[in-house]
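Subject: Structure for you to look at

Hello,

Here is the structure I said I would pass on. Please open it first and keep it in view while you read the notes.

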There are 2 protein chains.
Amino acid sequence: MKEYSVVGKRLPRIDSPAKAMGQAKYAADLVLPRMLHGKVLRSPHPHARILNIDTSQAEGLPGVKAVVTGKDTKGVKFGGWRAFTQLIDQYPLCMDKVRYIGDEVAAVAAVDEDTAEEALDLIRVDYEPLQAILDPEAAMKEGAPRIHEEVERNICWSRFIEFGNVEEGFARSDYVREDNFSLQTQAYAPTEPRACLASFDHAGRLTIWTSTQCPYPVQCQLAAALGLREGDVRVVQPFLGGGFGAKFELFPYEVCCSLLAQKTGRPVKMMYTRQEEFSASRTRHAMKIWLKTGFKKDGTLMARQARAVLDGGAYTSFGPTVTFTAGFFHTLLYRLPNYKYEGYRVFTNKPPSSGMRGIGAVQPFFAGETQMDMVARDLGIDPIELRLKNARQPNEVIPKLTTVNSCGLSECLTKVGESTRWHERQSKLPPGRGIGIACAGQQSGGAFNWFRTRLAFSNARVRANDDGTVVLFAGAADIGQGSSTVLCQILAEELGVRFEDVSIVAADTGTTPVDIGTWGSRVTFQAGNAVRAAAIELKKQLFAVVAPKLNADPVDLDIKDRKIFAKGRPEPSMPFPEAVTAAQAANKGKILEVAGSYHPEGKGIVSPAYSFVAVVAEVEVDRETGQVKVDRLTVAHDCGQPINPMSVEGQVEGSVHMGLGYALTEQVVSEKGEMLNPSFLDYRIPTALDMPEVKIIEVITDEPEGPFGAKEAGEGCVAPVAPAIANAIYDAIGVRVKDLPITPEKVLKALREAQPNS
Amino acid sequence: MKEYSVVGKRLPRIDSPAKAMGQAKYAADLVLPRMLHGKVLRSPHPHARILNIDTSQAEGLPGVKAVVTGKDTKGVKFGGWRAFTQLIDQYPLCMDKVRYIGDEVAAVAAVDEDTAEEALDLIRVDYEPLQAILDPEAAMKEGAPRIHEEVERNICWSRFIEFGNVEEGFARSDYVREDNFSLQTQAYAPTEPRACLASFDHAGRLTIWTSTQCPYPVQCQLAAALGLREGDVRVVQPFLGGGFGAKFELFPYEVCCSLLAQKTGRPVKMMYTRQEEFSASRTRHAMKIWLKTGFKKDGTLMARQARAVLDGGAYTSFGPTVTFTAGFFHTLLYRLPNYKYEGYRVFTNKPPSSGMRGIGAVQPFFAGETQMDMVARDLGIDPIELRLKNARQPNEVIPKLTTVNSCGLSECLTKVGESTRWHERQSKLPPGRGIGIACAGQQSGGAFNWFRTRLAFSNARVRANDDGTVVLFAGAADIGQGSSTVLCQILAEELGVRFEDVSIVAADTGTTPVDIGTWGSRVTFQAGNAVRAAAIELKKQLFAVVAPKLNADPVDLDIKDRKIFAKGRPEPSMPFPEAVTAAQAANKGKILEVAGSYHPEGKGIVSPAYSFVAVVAEVEVDRETGQVKVDRLTVAHDCGQPINPMSVEGQVEGSVHMGLGYALTEQVVSEKGEMLNPSFLDYRIPTALDMPEVKIIEVITDEPEGPFGAKEAGEGCVAPVAPAIANAIYDAIGVRVKDLPITPEKVLKALREAQPNS
């Protein structure tokens, strides 16, 4: 293992004190003089034609400053999937139809929230209700009514992957099994409901402070929606209280808020209620997966075939990516010679589904890793051994898709087995107690340019001051995952200065360089590489100036602990501030400021690197009540070189918590397209008291593409939790539930079906 | 004259709409959550020893969150004159002595202003009053009590200039005269009283929004005063309501505000009252000038000798510069072979004097240009002809001091004479009506590195976006003079884009590159040169990429109206946005962003360029009341190439207005060190109704050192107003007043003395 000074250290996050002391300001906290408050009128129908909107009464209400409807917009659709323009399918305000309960119909700006709310009631909308399409399988049938007129069979996106020959693979298998899995709709439920504050200056330029994960894409899309140039829109991200993918896209309310600010000439703030955050945001795709897998008797994986139908909801959102990754992830963990996948994302009259933490991974991994357990038991092979036999190894190619560089999957399996005394305990625990294992992998950001951006995915700028301080300007948005801290560590490490020397200005398209946003666990890896590139360039400029003063060749110089010296000869040395001063002087007093960028070019269509994880769950199941209690989750995680192990642990714990809810309690329940549980009382996220003990085992690999060997950390740990628990439940009580969440009712039902006479 | 697209255009200023609509936010408008309000306790004594400060009662007042005294500071002095450290002489809070009525003794932060105010009354300070030194001449006497213990004879700074041989010069003169002039203390009286808001983050880094002209010097000095690194202090300038030099320096209240924020962990805002802005800020130096000048009979200037005593007030401030320029300006307008100057800036127990609009120029020009009128009358030469005979010409060297490149002085004299039908009217108007002329010149920023900065005086960064928008990041602070507009024009011109394509981020040390600040009319010239350098570099990068696509050599390319083409061949061309896209692509998607800088290296110790102005005043004098009414001021101004003529006119009008007050009404009146007229009711600034007609004549020269031939504009027009009026008064009633302001009392007294029998 390499020795680092700042990287790999358990440093407290730079945003922690402000958050701990309640002084961090989120979008909803922001106030501007003369600010108005905006509210959105949403469709009460899952599917209807808009016949007429009468806003006159609302406009007449004292205190109301503006009302906007679709007619006030540019009438152009927006969406992030710019690589395929047919996927850009949402209006900021519905023009002719509403497509889900919650669809944006009108918006109001008033002097206070109550007045805005009251004005919403005064807007008269005449609807012609249409048949609501709520089941994806039905929606795909020929002749089903269309949600988007131009989309046949309501299929938003279909994706096929094929390599090898599955027919041959199955034919050569000794054992083949097929299963159907059903995955529920999960809500993102970030702690912070989204909010934004829009303000125009007198040159017609917009600044919007908004709770987004992706300032730059929001800037571009917002500009297009408003008919402005991108450069005339500035997006600033305040502190953000959780995203998980929910704040990945431009949202209609941000366009409405901007329109109202433009129309009134005053700043306008909009805040989602908790109910809106649940029901008018996005969800994790519900999915039906059919999975067929063939093995040799000795456990060698021969072929796999999968079909997935995704409940897409009303608009495209980030669905195409999920449709693809839901097929890709079946290929990642194990050496697979033959594979075939077909995925269909289908429009329904529900809130749009999108990419959520563990994007397009949790669903296929639940299917694949549950089935793996069944296979192991059928073949009489230990589940860990079966996995180890087929486990992905470093530097392997997945045909047509990607290359896996570093890979610690086998080590994860071995270590998690050792730590939990797996071989002594599996199938040998007392009745009602069980142990189960599952694995997953995750990408380190995407390589495919879905946004069709012309700029490098990550850019960074670094300014060195002659007092020894260093400022990092990064477009990358810290969404609570700690990326700003990690980027400062990477900079300090490469530059040879102290962590405290570095400060960061981030996520403000007006002053920081472009970054494609925070999604797919890309920031540490991709923005980290951009930061590192800038630091390397900065050192180059410093070394060129310092070398003659130290009688050395620039290439022989090194910097550590803020001193520049010739490698292998600690003295003479030059302190970093002096070197900066010298570099400034050599350049006629110009500020020492350099840029770096990273773009995953030539890295296939998925990702430049992958993390891996193995989780063992230990559970107790009450046969009387069907209640499942998770006692412990042991997580062995290969995230390359952890930049900040404390931060990685925080991410792992958060992901495991989300996986626990996915496994056991969380589910969007809706009736006729209406969410019935849009509150934290009714939507059951595990509380702190519900959390089992979490034991984390670091498996360190050196990812050659990542900054200091780092790669994705944490996010990948959502996916294996549910299958590990499901497998542990089987170990405890001998029944399978292949339909998430595993509620007590489903456990009892499975028990009754397994023992019909009891 | 060159043809420009954006330069030279009468474009409305970018900050006008926000100001006109009341939406511009000044420091006092800013609010942060949990913000406290701070107030400063000031000395009631002009000179006293502090024996004890008891803050216990104040601290006990409910609502008071912190009280600071000198003991809470680092006990280090601050000041801008870092080139001579002995000149750094002010404590943020007085340690042992107070030196003027208003000197900072303690500061309080409380939940509201009233409570803070109340707390001030509860601070008990025991003083031992010391003899107040109020007259500079007395203060210079051997044995006078010292205001700063280490400063002999209270002489803060003395400056000598000598070239040629004055003794010989006078000996060879046909005519020599000596006069004494007395210049009053003038208040800056900006519309906006100063305010700041300080806030620390949890890493101990300070952000201060403050009404300053010089974010970067304030950053450095504030860091030193607080014991922080410069990089840990961020200074942001909000909209600023006038500076005129008053907001040039770090002020003690900014340190107090920061200390209180540090101590309480909460943001603290401090706002000067109007009374504080008058009496605890800075003033223009009162000055006594003795001036001796020798001429040949034919009007040839032979020698000049000057002595100035400056009333410095309690601290150094920017006084050394004034002491120097008060000597320099005697040499600027006319060819002068022999010169000798001695200037003494003397400490007194009054508010410190500093550099004010027309820094160190208005005093010597009043003396010199009044005396010139007397000489002309004595020699029987027309005052314009006498000036033309000796007038400075382009490309002349002033020995040991500077080189004058472009110079339109003669043209200013000729044109202002023609416009006012001078030769027909001078000495020929009806009784009580008169016409007078005076000239002045002004530097285009300073060349001497008084701040001992290691960085170029001006830096700029330019980002080109592929939608055709361009962002300028400039450290330069717009203080109401319109520099941000001018810098955007310079950028648009050089880059060949439209003015509307450019937006600017300015005056924020956290996100914009370093600039030494707004003083001495340096921004258009020096920051303009930095901006232009960045634009040239940006074009270079664009042309390198575009050239092959247009089958041309990069050096043959040009850009105009957002199209790049080969010179002399408008087609084929490439639109600017496309070129940016191509440059990004050529550089792996890196953002196109470049820097430029300017430093006045090798430009002597004064300035790289000079503007010139001639003013003719037309007055009516009421012999019964002594009242002077100015009917018209005609201003011929050589500011090189005006970047924005409308903006230049605004600056000229503002300067002329300030010169009018200086001539006739404005004066700080004090008794025993206490200002008696610290309000707009008692300190008489001319109102809009008092303004005469102002006629402005553009004299365009092409300054080789300036951006597009531009140089200083406007500021130089303060100085000639008072002598032109004084000379016109003489023309009207035949009496001289050499003691400003020319009040009715002084006119009547002069009339009585001239005609003792009347």
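The notes below go through the contact between the chains, then some sheets, a helix and a loop.

This is a predicted model, in which local features need pLDDT of at least 70 and side-chain atom pairs count only at pLDDT 80 or more, while totals for chains, interfaces and linings use all residues. Residues are numbered from 1 along each chain as its sequence is written, and chains are lettered from A and ligands numbered from 1 in the order in which they are written.

The two chains

Chain B can be laid on chain A by a turn of 180° and a shift of 0.0 Å along the axis, with an RMSD of 0.0 Å (least-squares superposition on the C-alpha atoms of residues with pLDDT of at least 70 in both copies). The two copies are thus related as by a two-fold rotation axis. Among the residues of chain B, B:Thr511 comes closest to that axis, with its C-alpha at 3.2 Å.

On the side of chain B, 41 residues are in contact with 41 residues of chain A (contact means C-beta atoms, placed from the backbone, within 7 Å). Helices (H or I, at least four residues) and strands (E, at least two) are DSSP runs, numbered from the N terminus. By type, the chain B side divides into 14 nonpolar, 14 polar and 13 charged residues. Here Ala, Val, Leu, Ile, Met, Phe, Trp, Tyr, Cys and Pro count as nonpolar, Asp, Glu, Lys and Arg as charged, and the others, Gly among them, as polar.

A sheet in chain B

Chain B has an open sheet of 7 strands with mixed pairing, in the order E3-E5-E1-E13-E10-E11-E12 (two strands pair if DSSP finds at least two bridges between them). Strand E3 (64-69) and strand E12 (233-236) of chain B each have a single partner strand, so one side of each has no neighbour in the sheet. E3(B) pairs with strand E5 (residues 104-110) of chain B in the antiparallel sense over 5 bridges. The bridge partner of B:Thr69 in E5(B) is B:Ala106.

Strands in chain A

Which strands flank E16(A)? Strand E15 (residues 286-295) of chain A pairs with E16(A) in the antiparallel sense over 10 bridges, and strand E17 (residues 338-347) of chain A pairs with E16(A) in the parallel sense over 10 bridges. E15(A) and E16(A) form a hairpin with 5 residues between them, and A:Gly299 in the turn has a positive phi of about 95°. Of the 13 residues of strand E16 (residues 301-313) of chain A, 12 are buried, so the strand is largely enclosed by the rest of the structure. A residue is buried if 20 or more other C-beta atoms lie within 10 Å of its own, exposed if 12 or fewer, and partly exposed in between, with C-beta atoms placed from the backbone.

A helix and a loop

In helix H16 (residues 576-586) of chain A, the buried residues include A:Phe576 and A:Val580. Just after H16(A), A:Lys588 takes a positive phi of about 55°.

B:Ile605 is found in the loop between E28 and strand E29 (610-621) of chain B. B:Ile605 counts as partly exposed, because it has 13 C-beta neighbours inside 10 Å. Leaving aside neighbours within four places in sequence, B:Ile605 is in contact with B:Leu401, B:Ala447 and B:Phe448.

Regards

Conventions
Contact = placed C-beta atoms within 7 Å.
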